Amino acid sequence: MFGIWGHEKAAELTYYGLHAQQHRGQEGTGIVVSDGETLKLHKGLGLVNDVFKHANFKELQGHAAIGHVRYSTQGDKGTEVDSVQPLLFRSQTTSIAFAHSGNIINAHTLRRELEDSGSILQTSTDTEILAHLIKRSEQSTTEEAIVEALQKINGAFTFIILKEDKMYVTTDPHGIRPLSIGKLGESYVVASETSAFDLVGATFEREVLPGELIIISKEGLKSIRFAMREQRKLCAMEYVYLSRPDSDLNHVNVHASRKRMGKELAKESPVEADVVTGVPDSSISAAIGYAEQSGLPYEMGIIKNRYIGRTFIQPSQELREQGVKMKLSPVRGIVEGKKVVMIDDSIVRGTTCKRIVRLLREAGAVEVHVRIASPPIENPCYYGIDMSTKKELIAANYSLDALCEMIGADSLAYLSVEGMEKAIVRDKTIHQGICSACMTGNYPINISGE
């Protein structure tokens, strides 16, 4: 997500901010802009460049804008433009737009209650539920209605909400999904990742705190609480895979944390080998750390086709498998006749790992030792990552030895939970901490009955 308030080129800057975060979603994108009187929307299915290559930004003039890249985890799988965000709702007196990251766990319960009381929901997304809760509120101000609505939803979420005269920014009481505030001159900028600030020339100010609602208007920035702040539980997969290496999450650089994961992995699971290589792009940092700690040379043994998107966030297994075939190629001159340590960030469905091991062997590697820079993913995620059932998680269904045989490796080892936490968490205070529920089964937000 990306938002900006108080800049004459709001739509254009939002376009660049979304481009910097394209890795977070590839199914659709959109921008809503406010000129102080009306909200205007442009959105569509596809990548940022594709959706906006024919957009007329002169028709998207305004001082404020919010944007979103879609990665579907609820409802349809990227096939309906109606579910592409931001979602824009109009009434006789005002309009309101929503950009949302994460999952509302009690969405089904709330949807049933809304429909039973007469609401008609237009999309299958859980994002729309907040809009209906706000509209049905009897509070006297939008700010109070948003607070009341946020107190009814349960889950991992960040929202950027835009009206003609104000922008609202919030995150759940555990801060599971990242969201930060920056400044560009006198303008306020909001983004899921700080790397977007660098691209538009903004400076990082601070993170949106768990349970906080920020109101941005011509009067400036105002902060209130809609819930008591809980222990921070920032998603571990943001560090492992999702975020760009040049982003900072909770004041911890992603590249540096991945490199430390690689070093911890080398301490825990050393192996006699000739060369270390990483799976582009999210595993490169960990591979460098593993090589440094083990004293083995790091080499670019696998190259990536830069014109293929991220396969993990493709909406179907068929597309993921096709994407892997097109995306990665071994470098024969590096791996031929060598014992190779292949570092990957994680194994979710096993699609990528099995294919790469086979490619390395076909290129002449005499041994392939797979080392995973995160713990086994054995539990579904209900907080915004498309891993909703145990049957699709290969580590939940096979032993380590069986999994090693399935992917065709000579050996397989994972980083421990303790090693991962040591690499990410600086000190365990209320401000620090990660959600590793997909690895440990310890869910910070109650999911029973939902």
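Is Cys438 buried or exposed? Cys438 counts as buried, because its relative accessibility is 7%. This is a predicted model.

**Cysteines**

- The structure holds 0 disulfides.
- Cys404 shows why: its sulfur is 9.4 Å from the closest cysteine sulfur, in Cys353, and that is too far for a bond.
- A disulfide needs two cysteine sulfur atoms within 2.5 Å.
- Cys438 is in no disulfide either; for this residue the nearest cysteine sulfur belongs to Cys381, 6.3 Å away.
- Cys404 has a relative accessibility of 12%, so Cys404 counts as buried. The cut-off for buried is under 20%.

**Helix α15**

- Helix α15 spans residues 417-424.
- Four names to find here are Gly419, Met420, Ala423 and Ile424, which are buried.
- Look down the axis of α15: the buried residues fall within an arc of 125°, so they line one face of the helix.
- Now turn to the other side of α15, where Glu418 and Lys422 are exposed.
- What covers the buried residues of α15? Helices are part of the cover, including α7 (236-242), α8 (254-268) and α16 (437-440).
- Strands take part too, among them β16 (252-253) and β23 (434-435).

**The open sheet**

- An open sheet is formed by 4 strands.
- Their order is β17-β20-β21-β22, and the pairing is parallel.
- Which strands stand at the edges? They are β17 (275-278) and β22 (411-414).
- Each edge strand has a single partner strand, so one side of each is left without a neighbour in the sheet.
- On average, neighbouring strands of this sheet are turned by 20° against each other, direction ignored.

- Helix α8 lies across β20, β21 (367-372) and β22.
- The direction of α8 is at about 125° to β22.
- Helix α9 (residues 284-294) lies across β17, β20 and β21.
- α9 runs at about 165° to β17.

Conventions: Residues are numbered from 1 along each chain as its sequence is written. This is a predicted model: local features need pLDDT of at least 70, side-chain atom pairs count only at pLDDT 80 or more; totals for chains, interfaces and linings use all residues. Side-chain values use heavy atoms; hydrogens and water are left out. Buried means under 20% relative accessible area, exposed over 50%, partly exposed in between (1.4 Å probe, protein chains only). Helices (H or I, at least four residues) and strands (E, at least two) are DSSP runs, numbered from the N terminus. The arc is that of the directions from the helix axis to the C-beta atoms. Contact means heavy atoms within 4.5 Å. Two strands pair if DSSP finds at least two bridges between them. Axes are lines fitted to C-alpha atoms, for helices over the stretch in contact, and angles run from 0 to 180 degrees between N-to-C directions.
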